[in-house]
Amino acid sequence: MTTRGDSIEQLGKRRFALLVVGGGIIGAGIAAEAARAGLAVALVDRGDFGAGTSSASSKLIHGGLRYLQLGDVRLVREAHHERRLLMHVVAPHLVRRLPFLLPLYRNGPYGQLTIQAGLVLYSALARSRLHRLAAPARARVRVPSLQVDGLRSCGVYADAVTHDGRLCLANLRAAADRGATLLNYAEVRELRTVGGRVTGAEVLVDGSVEAISARTVVNATGPWVDEVRRLEDPSASATVRLSKGSHVLLRLGQPWTAALAIPHDDARVSFAVPWQDMLLLGTTDVLYDGAPDRVEATEAEVAQILDEAAVAITKDVLRPDAICSTFAGLRVLPLGRGATASARRETVLHRGSAEMLSVAGGQTHDLPSHRARGSRRAARRPGLTPARSGALSTARSRRQRRGGRRARPALAPARGSRLHSPRGPLREPCRERSRSGRERP
Ligand SMILES: Cc1cc2nc3c(=O)[nH]c(=O)nc-3n(C[C@H](O)[C@H](O)[C@H](O)COP(=O)(O)OP(=O)(O)OC[C@H]3O[C@@H](n4cnc5c(N)ncnc54)[C@H](O)[C@@H]3O)c2cc1C
């Protein structure tokens, strides 16, 4: 077993092909893919692995129902493809299918016909057969504390839920198993440059400074992305804006077999998700310009979350004394104007003046493409040839080129992309899946 001391020694002695700064889901995914491709990889995080945004999400692996409303069918199709990859191939032990109810109240923002049409299209893109309207009594079988006063019906569809922190750790474990050197509580304080190119970093570890040498440095520091970019170029202007999202976790003494997606207006939906025997409520969405380290859920936000949940959940479940914990995270959004709730959740990629690659934003379900795209872009440096190739999206785009634009990408990730062993101890059979692997209504 590698000890912390071994990792510190390796970081100082080895010359790495790739140094990833940030051990959230993006950095972990890139490190796992690059190590799988045969590169010598180092990854450091200044805190605990996955302790930033990657454990503060809504835990959903979804296709993005709201993008249909914006007319972005391509984005929804891609998100569903990546969700299927995660659920059936990459991490079936950590990504579980979950039915969702979208309650339609008499004074709500949507009509039944609009929702029915949207769900048919959404489910077709998801290749799922679950899309219908359920009467209140039937919906209450799945969600016992559903508020039925004024309820006309519920739209029913399927998405998936995960344990975001464990998904991040599973990627780090895969990277370590393939020879990557990982270290937490190791903060990048300075970047090293030779001939105008970033060639490593100075890292503060246990009170002393270690120099790490690497041909390519990837900045995957989420909400801190611009802070680390300014180590490369102190005058660099912002590339992203941040939006704060808070959540509440409640004790749940009832068997919910579906989650709720509660629409509040034509842009915002809040969720109530049964998770780890608790009920996860959220989230808020407000522009944030404070220090990323200080983000936390305020009392006003907790009150707002409980009020919004009360639109569709009976009050007995939403008691303040049933709150187990609250947490907040920061979404990284491309620069732009207007409300953050209607901003696209896109990945922002930036190549700096000294060649450091910064990757931030997007969603957890983008993991298969982050892994492929980040490691491929990082490898696009002179003298950096991975020993093995065949990243997910490379395989996919070749197939699409051969079959033309309409060819459907198959569920065929590159060898070694799985985060579980089919016979290994981590894998649990996914009860909701039929034997053929198709989603069951
Ligand atoms: C409220 C909310 C809800 C969300 N819900 C969903 C959802 O339901 N489904 C979904 O798919 N996505 C969701 N997301 C998006 C998803 O959580 C993020 O896209 C993802 O977690 C981003 O991961 P990351 O690795 O970029 O950032 P992070 O997880 O924040 O990781 C960045 C890491 O960099 C480290 N770091 C910073 N500076 C340094 C330094 N100088 N040296 C070393 N390390 C450093 C930090 O310690 C941190 O661990 C949500 C996001 C939010 C905020």
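## A glycine in a loop

Glycine 24 sits in the loop that links strand 1 (15-21) to helix 2. Helices (H or I, at least four residues) and strands (E, at least two) are DSSP runs, numbered from the N terminus. Please keep in mind that this is a predicted model: local features need pLDDT of at least 70, side-chain atom pairs count only at pLDDT 80 or more, and totals for chains, interfaces and linings use all residues. Residues are numbered from 1 along each chain as its sequence is written.

Is glycine 24 buried or exposed? Glycine 24 counts as buried because it has 28 C-beta neighbours inside 10 Å. The scale works like this: a residue is buried with 20 or more other C-beta atoms within 10 Å of its own, exposed with 12 or fewer, and partly exposed in between, with C-beta atoms placed from the backbone. Leaving aside residues up to four places away in sequence, glycine 24 touches Gly50, Gly52, Thr53, Ser54, Cys168, Ala220 and Gly222. Contact here means that two C-beta atoms, placed from the backbone, lie within 7 Å. Glycine 24 and glycine 222 are 198 residues apart along the chain, yet their C-alpha atoms are separated by 7.7 Å.

## Around the ligand

Gly24 and Gly222 turn up again among the closest residues to the ligand, together with Gly22, Gly52 and Gly245. In total, 39 residues surround the ligand, each with its C-beta atom, placed from the backbone, within 6 Å of it. Helix 2 (25-36), strand 3 (60-61), strand 8 (186-194) and strand 16 (323-334) are the elements that give two or more residues to this shell.

The shell divides into 15 nonpolar, 19 polar and five charged residues. In this count, Ala, Val, Leu, Ile, Met, Phe, Trp, Tyr, Cys and Pro are nonpolar, Asp, Glu, Lys and Arg are charged, and the others, Gly among them, are polar.

Helix 2 has 12 residues and reaches 16 Å from its first C-alpha to its last, close to the 16 Å expected at 1.5 Å a residue; the expected span is 1.5 Å times one less than the number of residues. Because 12 of the 12 residues of helix 2 are buried, this helix is largely enclosed by the rest of the structure. After helix 2 comes glycine 38, whose phi is positive, near 100 degrees.

Helix 2 has a part in the core, too. The largest nonpolar core has 116 residues, and Ala31, Val41 and Ala175 have the most contacts inside it. Helix 2 gives the most to this core, with eight residues. A nonpolar core is a set of buried Ala, Val, Leu, Ile, Met, Phe, Trp, Tyr and Cys residues joined through C-beta atoms within 7 Å. Beyond residues up to four places away in sequence, valine 41 touches Ala31 and Ala175, among others.

## Backbone spots to check

The peptide bond from glycine 282 to threonine 283 is cis, with omega near 10 degrees. Threonine 283 belongs to the loop between strand 14 (278-282) and strand 15 (286-288).

Arginine 127 is not a glycine, but has a positive phi of about 55 degrees. You will find arginine 127 in the loop between helix 5 (112-126) and strand 5 (131-134), and with 13 other C-beta atoms within 10 Å it is partly exposed.
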